[in-house]
Structures are given as C-alpha cells and as structure tokens.
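Look at the sequence and the 3D view below. This report walks through a few helices, then a few single residues.

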Amino acid sequence: MKPLDDKATGLPWFRTWRAVYIFVFVSFILWVGLLVALTVTFS
Amino acid sequence: MSPLDFVVLIGSLVGIAVYGMWRTRGQRDLNAYLKGDPNVRWVAIGISVMATQASAITFISTPGQGYQDGLGFVQNYFGMPLALIIVAAVFLPMYRRLNVYTAYEFLGHRFDSKTRLLGAALFLLQRGLAAGITIYAPAIILSTMLGWRLDLTIVLSGLLVIIYTVTGGSEAVTLTQKYQLAVIFGGMVTALVVLLMRLPSNLSLTDALTVAGGFQKLQAVDFSLDVKRRYTFWSGLLGGLFLSLSYFGTDQSQVQRYISGASLRESRLGLMFNAVFKIPMQFFILLLGCLIFVFYQFERPPVFFNRAAWNVGAKQDPGGQIHSLEQKFTAIHVQKEQLIHAWLDAKHSGDHQAEAAARTQAQEALERSEAVRAEVKTAMLAADPHAKTNDSDYVFITFVLDYLPHGVIGLLVAAFFAAALSSKAAELNALGSTTTIDFYRHVVKREATDAHYVTASKWFTFLWGLVALAFALFANLVENLIQAVNIVGSVFYGVVLALFLVAFFIRRVGGTAIFWAALVAQTLVFVLYFSLSISYLWYNFIGCAACVLFSLLIQAALGPTNTPTGALATP
C-alpha cells in the first residue's frame, strides 16, 4: 500500500485538513446546540 | 472492599504495568525512549492525550461537581476544540519539521539558547511543583474512604508508576495508557448502568432528567456576561481557549504524547480525536453526577459525604447537635421524596398547576435540606476547627462503595488509580525528557551515545518520581494544596504561552527581546500577584499580554533582527 503524505488526511469523507477542522468545529457547534436544548427543555 | 475487589484492583493495575514493562524491555534507542513507538497510530495518540489530561480527580471529583452544581462545568471545555485546531495546524507541523524532542528545543531553534533554557526552566518549576498532587489528591480521598494508610497508598501507587515509566519511557506510557483508559471507561460505564438500574422502577429517564432539571442541575449553558459567575459560555470559550492553547501547545507532558506519531497525519488526527470527544466525555461524567443527585432524592443520602470526617465530628459532639441535625435532615428527605412523587404524578396526569406547585415545594424542601447540611458543617467546624467541610469530592466514591456490587467496586477503584497513574506517568516522562534534552544534553554533555542519554533520562525520571513522592507525602503541610498549585500554574503559564505565540506569529521579534520581555513580564506578574487581589486565572492573560507587548517594545528599541527562514518560517 502506498504511504500517505502529510497533506492527505486518509479519511474517506474529509480529503483536506480544512475539511477536518470544519467538521471538528461543526461538531462543537452541534454539542453546544444540544446542551442549549437540554438547558431549555429541562429548566 | 471484598477479596474479589482486591483481585480486580491489583490484577488490573499491576497487570497493565507489568505488560508495559515487558513490551518495552531493553530500550536503548533515545528516539524510541523519549518519543515512543515511531509507528504509533492516531487512535493510540488520541487516547494517550486524553489519558494524560484526565487525572483521577476528573473521575472522582467531576461527578461530585455534577451532583453539587449541575452540568455548568462542561462550559470550561468550550475553548478546547478551537485550541486543538490551532495546535494541529500551527504548532504541530513546526515541532515535527524540526524533529524536536521537547517543545522548548523549538524555542532554541527559533530564538536562542537562553530562551530555550528559560522556557524549559519555567516548565520544570511549574510541573515539578505540581508533581506530587497527581498522586496525593486521589490518595487522600481513597485512603479516607477505604480506611487505608495514606502514606502507604502514596508510596505503593507512586513506586508502581515510577518503575514502568523509568523502564519503558514514552512507549510504555502510551502503551499502558491505552489499557488504563479502557479500565477507566469500563468502570465509568458500569457505574452508569448500575445507577440507572437502581433508580426507582417507575422512574423513566425523562422523569429523572425532569427531576434533575427541576433542581437546576441541567443548566449546561449560560450566555450571561456577568464576570462574577464561575461558569459561563464566554469564560469557557475565551478562558478555555487560552488555557488549552497553553496546555496542549507548550506543556511537554502533552507535546510528548502527540509528537511521537508515525506521521504528521497520525499526530493531527490524534489531536482531532480529543477535539471531538472531550466535551461529550466531560458531559457524560457530569451527567452521571446529576443522575446520582436524582438517585439520592429517592434514597436517603448521608448528611455529610466524607465519612471519616463525619465520624470524627460526630464523636466530638457533646451536645448531640450533629445527631439532631441528622434526624432533621432525614425528616426533610422523607417529605421531599413525597413532594417529588406528587410532582411527577401531576406531570404524568397533565395537571400543570399541581405540577408547578409540587415542584416549588420540592425545591423549597431541597433548600431546607441544604440549610441543614450547612448547619452540620458549622457544627463540625465548631467540634474540630481543622475539619474539611467540602464533601463534594466524596459523593461518587460514597455511591460506589454503598451501592455497587463487589467486583465492580474493585473495577471503579482500579479506574481511579489507573487515571492517577496514566497522568502521573506522562508528567514524569516529560520532566525526565526536558531535564535530559534541554539541560543535560544541551548544557552538560553535548556529545554522547544514545545509550548514555537513555540511561541519563531514566535517572532523571526516577529522581523526579522521588521528588513527586516526597512532595505527596508532605503535601498535607500546605493548606488548600490544589488551589496553591493552580495559582503557581497561572503565574507561569501566561509567560510560557507568550514565548510560543511570539515564536510562531511575530517574526520580527528575536531571542534577546523575547528573553528580557519574558523576565520583565514574569516579574510584573509576581509584583501584581502580591499587590492585587484579583482571581488568579487573570494572571494567565496578564503574563501573556505583557510578555508579547514588552517583546515588541524591546525589539523596537534594539532595531530589526533577522526574520526566521527555511524550516522555521511559519505557514
């Protein structure tokens, strides 16, 4: 198997590091959204 | 604890340590000893970074924090994903390009030798002072609850971690952390499952969340701009970003964990693993605490969770005040439980008016019960002025010992010790590496074989282990130890972060300017610390901002310097 260079992420859905960082940021926003929903629903 | 618990506890802890030593025996290569397995994959790096950050206190105290204050503490981690993106995109490529062993070695490449030594010295001072806490903090809680001798608990757990860290170096640390984290997660998930099974049979998960929410335990996010509030979205985002950037980007105990990857890709993905999973992990640990709170609404909790302190206070209670307060607490608990049932019944029948009334009454009952707890603490202090009255650290371990089956208790206690060992090992590993690379190899003996430096590193790691043990054994001489260590950290962290921020982002500042700026900024922080009475967390920001500003001013006075080129040119 050909070794991956550092620019390739090796991930099927996120081929660039920018895409990986955006995914991390979006998952953070989603968690904050879920926590806000939990706060509002049960307070 | 039963013999079965001891078998689980000793078997898992010693088994993992022996396996780590056996797998890494005969290590003579400096690169492998200090950086670990060169083929390590991102999952192992991610686990290692997570296990280093999560100490025993994370798993013992955080559920207690959830029990006491609810989910709000999760906001402290909001800055971490952003900080990890910055570390992965900017810090990490530079460390790998220069093939450094320590973060401070990079400062030597970018600035000069004196700045490198300053950065390394600040790290050793700060981390060396904190070294005893990682062992002492869980040992004091567990020995109190289990009736073990504190000194023996500290020495045995300390020696175990020293032996395998000295023997196998960074590779043993990463290898053992993988299994230790498995024990930790296994223990925590089992505790959650048992807790859910022990809730009243007619109480659904939605009901449990309703009760927790009704008592303000599920207020996870607070957008208030009030700076006096301890946990808000903004303080978590900005303060957390700042602290995480310092910790993950410049603290060798973390840097050593992720520079060891087989490639930049593996190291980056390891960091991103933490950026995605840290907030959910903290959320579930806090939620566990909130559900323990719900559980204790239907089972009478102890009026004071630190059993040993309670026994001392109760013995020295000549007027019987503490015992009568306990009876009052029990009566309020029975009343509160009935009100909660009435509240849930009204909710199920759709009677909103009755639901609101019962909920308000239950909230008032909780306030009365908290007032009784406060009276108990006052009475305990009157009986013994040295009594420790903060018992939230003892909530989870009390639940574990009172309600979990034998075998599972051993697994949970093993999980607490595994967390202590995994973060302690990374700390010792970093202290030994920094002393060897930034001081011994750089200043004392520049030309020697790998085998020589590996031996030196083993000795330095061993010596730092002894320092940590000695500090842990005498830690009770210092009042409010954890806060003292946090203060020391905040006093130094700002300037250390500034060294790296200037190195990465302000190309026109050279070694002499940043060195003197760091010294002046550190002096300023010391002066302010002794003359102002602001929260110590502010010194992180003040130290960093002052150092950056002074470096620009001094560089302007000194005139232009050569801007970094080649491998040192930042993206």
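Leaving aside its neighbours within four places in sequence, which residues is R257(B) in contact with? The model is predicted, so keep that in mind as you read.

**R257(B) and its surroundings**

R257(B) sits in helix α12 of chain B, residues 252-258. With its neighbours within four places in sequence left aside, R257(B) contacts I45(B), S48(B), V49(B), T52(B), S170(B), V173(B), T174(B), Q177(B), A426(B) and N429(B). The relative accessible area of R257(B) is 1%, so this residue is buried. One further distance places it: V454(B) is 197 residues away along the chain, and the two C-alpha atoms are separated by 18 Å.

**Helix α3 of chain B**

Helix α3(B) covers residues 42-53 and has 12 residues. At 1.5 Å a residue, α3(B) should span 16 Å. Its end C-alpha atoms are 17 Å apart, which agrees. Is α3(B) largely enclosed or largely open? Of its 12 residues, 10 are buried, so the rest of the structure largely encloses α3(B). The buried residues are A44(B), I45(B), G46(B), I47(B), S48(B), V49(B), M50(B), A51(B), T52(B) and Q53(B). Among them are I45(B), S48(B), V49(B) and T52(B), which are also contacts of R257(B). An α-helix has 3.6 residues a turn, so residues three or four places apart point the same way.

The table gives their angles and axis distances.

| Helix pair | Angle | Distance between axes |
|---|---|---|
| α6(B), residues 103-110, and α7(B), residues 113-130 | about 160° | 7 Å |
| α8(B), residues 133-146, and α18(B), residues 408-444 | about 165° | 9 Å |

Take α6(B) and α7(B) to begin with. They pack at an angle of about 160°. That makes α6(B) roughly antiparallel to α7(B), because an angle over 145 degrees counts as such. The crossing of α6(B) with α7(B) is right-handed. On the α6(B) side, the contact is made by Y104(B), E105(B), L107(B) and G108(B). On the α7(B) side, T115(B), R116(B), G119(B), A120(B) and F123(B) take part. By class, this contact of α6(B) with α7(B) has 4 nonpolar, 3 polar and 2 charged residues.

Now the other pair. How do α8(B) and α18(B) run, roughly parallel or roughly antiparallel? Their angle is about 165°. They are therefore roughly antiparallel to each other. Their crossing is left-handed. From α8(B) come T134(B), I135(B), P138(B), L142(B) and L146(B). They meet V413(B), F416(B), F417(B), A420(B), S423(B), K424(B) and E427(B) in α18(B). The residues of this contact divide into 8 nonpolar, 2 polar and 2 charged.

Helix α10(B) is mostly covered, with 8 of its 10 residues buried. These are D207(B), A208(B), L209(B), T210(B), V211(B), A212(B), G213(B) and G214(B). What do they pack against? Their partners are α13 (264-298), α15 (321-349) and α16 (352-383) of chain B.

Just after α10(B) comes Q216(B), with a positive phi of about 65°. Q216(B) lies in the loop between α10 (205-214) and α11 (233-250) of chain B. Its relative accessibility is 42%, so Q216(B) counts as partly exposed. Why point out the phi value? Most residues other than glycine have a negative phi. Q216(B) is not a glycine.

N99(B) gives another such case. Its phi is near 50°, again a positive value in a residue other than glycine. N99(B) lies in the loop between α5 (80-97) and α6 of chain B.

**Two more residues**

G66(B) lies in helix α4 of chain B, residues 56-69. Its relative accessible area is 0%, so G66(B) is buried. Not counting residues up to four places away in sequence, G66(B) touches K217(B), L286(B), G289(B) and C290(B). G66(B) and I285(B) are 219 residues apart in sequence, yet their C-alpha atoms are 7.8 Å apart in space.

Finally, turn to chain A. Is P12(A) buried or exposed? P12(A) has a relative accessible area of 55%, so it is exposed. P12(A) lies in the segment before α1 (17-41) of chain A. W31(A) is 19 residues away along the chain, and the C-alpha atoms of P12(A) and W31(A) are separated by 23 Å.

Technical notes
Residues numbered from 1 in each chain as written. Chains lettered and ligands numbered in written order. Predicted model: local features only at pLDDT ≥ 70, side-chain atom pairs only at ≥ 80, totals over all residues. Heavy atoms only, no water. Axes fitted to C-alpha atoms, helices over the stretch in contact; angles between N-to-C directions. Helix = DSSP H or I, 4+ residues; strand = E, 2+ residues; numbered from the N terminus. Parallel < 35°, antiparallel > 145°, perpendicular 65-115°, else oblique. Left-handed = near helix turned anticlockwise from the far one by under 90°. Contact = heavy atoms within 4.5 Å. Nonpolar A, V, L, I, M, F, W, Y, C, P; charged D, E, K, R; others polar. Expected span 1.5 Å × (residues − 1). Buried < 20%, exposed > 50% of the residue type's maximum accessible area, 1.4 Å probe, protein only.
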